[in-house]
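Let's walk through a protein model together, step by step. Have the sequence and the 3D view ready, and follow along as we go.

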Amino acid sequence: MGYTLNFSAVWRSFDQLLMGLALSLGLAFVAITIGCVLGLVTAFGLLSKRGMLRHPARIYVTIIRNTPILVLVLFTFFALPQLGIRLGKIESFVATLALYSGAYLAEVFRGGLLAVPNGLKEAGLAIGLTQSQIRNSIVMPLMLRNVLPSLSSTLISLFKDTSLAAAIAVPELTFEARKINVETFRVIETWIVASCLYVATCSVLAALLRRLERRMSIPR
């Protein structure tokens, strides 16, 4: 076909890809941190017997989970300013990704809370613990151990989803790869290197998170 692979142009701009990779990781970690808080609060809302807490939580989860994340990204960045809410590119994307992850983690946390045996809660009451002590000392630690694998998967998914930030010109890995592609016309080489960076990073994250899961697992 007459196309010869030449990675030299990509290597000259490799530092740009690494900077984009670092930003992608930062976006993912910040988003899942905020998302965990949102998800946990929403999970308690979903389990609440009070309709004024349960219904808004259910509406939030339903809307976010059934809207494509790219639509949410574009809405946050382009539509909210029309309502007087102006955010920078990075802040806008982090807010969107946090809301998105919070909706999914709400169901994860809800399942984790329901998985804690009632017998443990009753045992806590029997020894004189208050409801808040039972929640903080028994329910939360067991729930976090139960949901850690799902949290790990969510973090890796969010890292890959940061590629959508290129749609609003956030200089993460995909945006930098696209810029190098346009500047050098080395299409295959650029996307091979970008793909390898994504695969390598996800593999390292998965290995680290599996190790954390083993350390936090309950001995049987």
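Among contacts in the chain between residues at least 6 apart in sequence, 78% join residues at least 24 apart; contact here means heavy atoms within 4.5 Å. What you see is a predicted model, in which local features need pLDDT of at least 70, side-chain atom pairs count only at pLDDT 80 or more, and totals for chains, interfaces and linings use all residues. Residues are numbered from 1 along each chain as its sequence is written, and side-chain values use heavy atoms, with hydrogens and water left out.

Now for the overall picture. The chain has nine helices and zero strands, so its pattern along the sequence is written α-α-α-α-α-α-α-α-α, where helices (H or I, at least four residues) and strands (E, at least two) are DSSP runs, numbered from the N terminus. Taken along the principal axes, the C-alpha atoms fill a box of roughly 75 × 50 × 25 Å. Of the 220 residues in the chain, 40% are buried. Buried means under 20% relative accessible area, exposed means over 50%, and partly exposed lies in between (1.4 Å probe, protein chains only).

An unreviewed UniProt entry annotates residues 21-209 as "domain: ABC transmembrane type-1". UniProt positions are given in the numbering used here, feature names are shortened, and annotations may be inferred rather than shown by experiment. Over residues 21-209 the chain is 82% helix and 0% strand, and the end C-alpha atoms lie 19 Å apart.

Next, find two helices that pack together: α2 (residues 14-47) and α9 (residues 187-216). Their axes are 11 Å apart and meet at an angle of about 40 degrees. Axes are lines fitted to C-alpha atoms, for helices over the stretch in contact, and angles run from 0 to 180 degrees between N-to-C directions. The pair α2 and α9 is therefore oblique; angles under 35 degrees count as roughly parallel, over 145 as roughly antiparallel, 65 to 115 as roughly perpendicular and the rest as oblique. On the α2 side the contact uses F14, L17, L18, L21, L25 and F29, and on the α9 side V193, L197, T201 and L205. Sorted by class, that makes nine nonpolar residues, one polar and no charged. Here Ala, Val, Leu, Ile, Met, Phe, Trp, Tyr, Cys and Pro count as nonpolar, Asp, Glu, Lys and Arg as charged, and the others, Gly among them, as polar.

How does helix α8 (residues 173-184) pack against α9? The angle is about 165 degrees, and the axes are 9 Å apart, so α8 and α9 are roughly antiparallel. Residues L173, T174, A177, R178, I180, N181 and T184 of α8 meet V187, T190, W191, A194, L197 and Y198 of α9. This contact divides into eight nonpolar, four polar and one charged.

Let's zoom in on N181, which sits in helix α8. Is N181 buried or exposed? Its relative accessibility is 15%, so N181 counts as buried. Setting aside neighbours within four places in sequence, N181 is in contact with R186, V187, T190 and W191.

Finally, look at G124 in helix α6 (residues 118-126). With 2% relative accessibility, G124 counts as buried. Not counting residues up to four places away in sequence, G124 touches L129, I134 and I138. G124 and I134 are ten residues apart in sequence, and their C-alpha atoms are 6.0 Å apart in space.
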